[in-house]
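Let's walk through this one together, starting with the whole chain and then stopping at a single residue.

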Amino acid sequence: MKSTLRTVRLALAEPLRISRSTMAARDAVWLTVEHDGLRGHGEAVTSVYYGLGTAALVRLLGAVDLSRFPDPESALEALRTEQWPDGDLPPAVTAAVESALLDLAGKRAGLPVHRLLGAAAPPIAATARTLGITTPARAAAQARHLVASGFEIIKVKAGTPDPEDDVERVRVIRDAAPRARLLLDPNGAWSVAQADTLLPRFAALGVEAVEQPVAPGDPDALAALAERAPLPVIADEDAVNLADVRRLAGRVHGVNVKLAKCGGVHAALRIRDAIEGSGTALMLGCLTASTLGLAPAVHLADRARWTDLDGHLLLAHDPWAGIGGADGTVRASDRPGLGIEEVAAREDVA
């Protein structure tokens with residue numbers, strides 16, 4: 001199998017502000033794996049939080065050696081059984097490689113990825129759409145537009161220096177979209193004392209669940225907060241890998257699984273199996289990425305209680321298409337592989 005890389009810049013339609021940063025663009029590295037005249041594609045995006053820059057992604061993806069496998073199917077079996085990769089390959093890199101292999105294997109079999117994973121019908125799910133930290137007037141206008149476009153779920157970023165700003169923003173969003181399901185995500189910005197004070201107020205505004213309200217690093221504190229919270233608490237930054245999730249299973253109401261965070265589709269399925277029957281539900285999340293980066297997760301969308309797969313919708317221009325989402329619903333294709341296609345010429349980043 002032959003591999004090639006391409007680096008592109010993904011600009012956001014508008015800067016996205018969360019509690020710890022503001023992002024206007026990020027780089028993506030596209031991996032293409034070719035075998036017997038067919039090609040499979042995967043994407044890894046840069047992340048300051050996870051310490052992955054463009055050069056590191058290029059180096060790490062370029063060092064992945066698939067020559068030990070005769071075909072993509074054998075490589076995927078090694079991933080599924082955790083016999084490969086060797087060493088400490090970052091999860092985002094493993095996820096991108098797995099994506100390309102799944103895409104290629106699906107094309108070779110004439111089957112969509114969800115069929116390779118055991119689902120008979122193409123998964124379809126209502127996705128949340130993220131609203132960054134902004135003014136109340138802007139937030140209300142955005143919420144009205146999203147509801148008019150078909151969105152049923154709105155995720156509100158929180159964690160401003162003055163929590164009253166967050167409360168006011170959620171209040172005006174609720175007024176603008178009274179029937180929308182609201183999720184809240186402070187990205188770990190609150191202390192436990194702040195969370196205890198604020199969560200009842202957000203529950204009264206009809207917020208359905210909150211992601212990672214307190215700083216990561218003390219999962220026991222997060223679990224204790226979840227036990228007394230008036231609304232479901234979903235672990236995100238405290239639930240990176242399978243070991244983290246096993247520690248929290250049955251102690252929080254949900255875990256946010258991002259393929260770039262856990263290591264890909266098979267890693268996500270292992271997490272799903274680990275929490276089954278525990279009372280902890282699965283949320284499928286994402287980083288801001290193109291349709292290529294999100295497509296593997298969309299093929300799992302029927303397995304989640306909450307679906308937050310809107311990263312491609314935040315872009316000024318998505319260079320791939322095939323999973324929908326602009327109407328509030330993401331859909332896996334029934335075409336072979338990931339079922340997506342490139343829709344514009346790619347532009348290298350110097």
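Predicted model: local features only at pLDDT ≥ 70, side-chain atom pairs only at ≥ 80, totals over all residues.

**From the whole chain to one residue**

Residues are numbered from 1 along each chain as its sequence is written, and side-chain values use heavy atoms, without hydrogens and water.

Now for the build. The chain holds 12 helices and 15 strands (DSSP runs numbered from the N terminus: H or I of at least four residues for helices, E of at least two for strands). Its C-alpha atoms fill a box of roughly 60 × 40 × 40 Å along the principal axes. Of the 350 residues, 55% count as buried, that is, under 20% relative accessible area, with exposed meaning over 50% and partly exposed in between (1.4 Å probe, protein chains only).

Next, zoom in on Ala-13, which sits in strand β1 (residues 2-17). Is Ala-13 buried or exposed? Ala-13 has a relative accessible area of 57%, so it counts as exposed. Beyond its neighbours within four places in sequence, Ala-13 is in contact with Leu-314, Leu-315 and Ala-316 (heavy atoms within 4.5 Å). Leu-287 is 274 residues away from Ala-13 along the chain, and their C-alpha atoms are separated by 15 Å.
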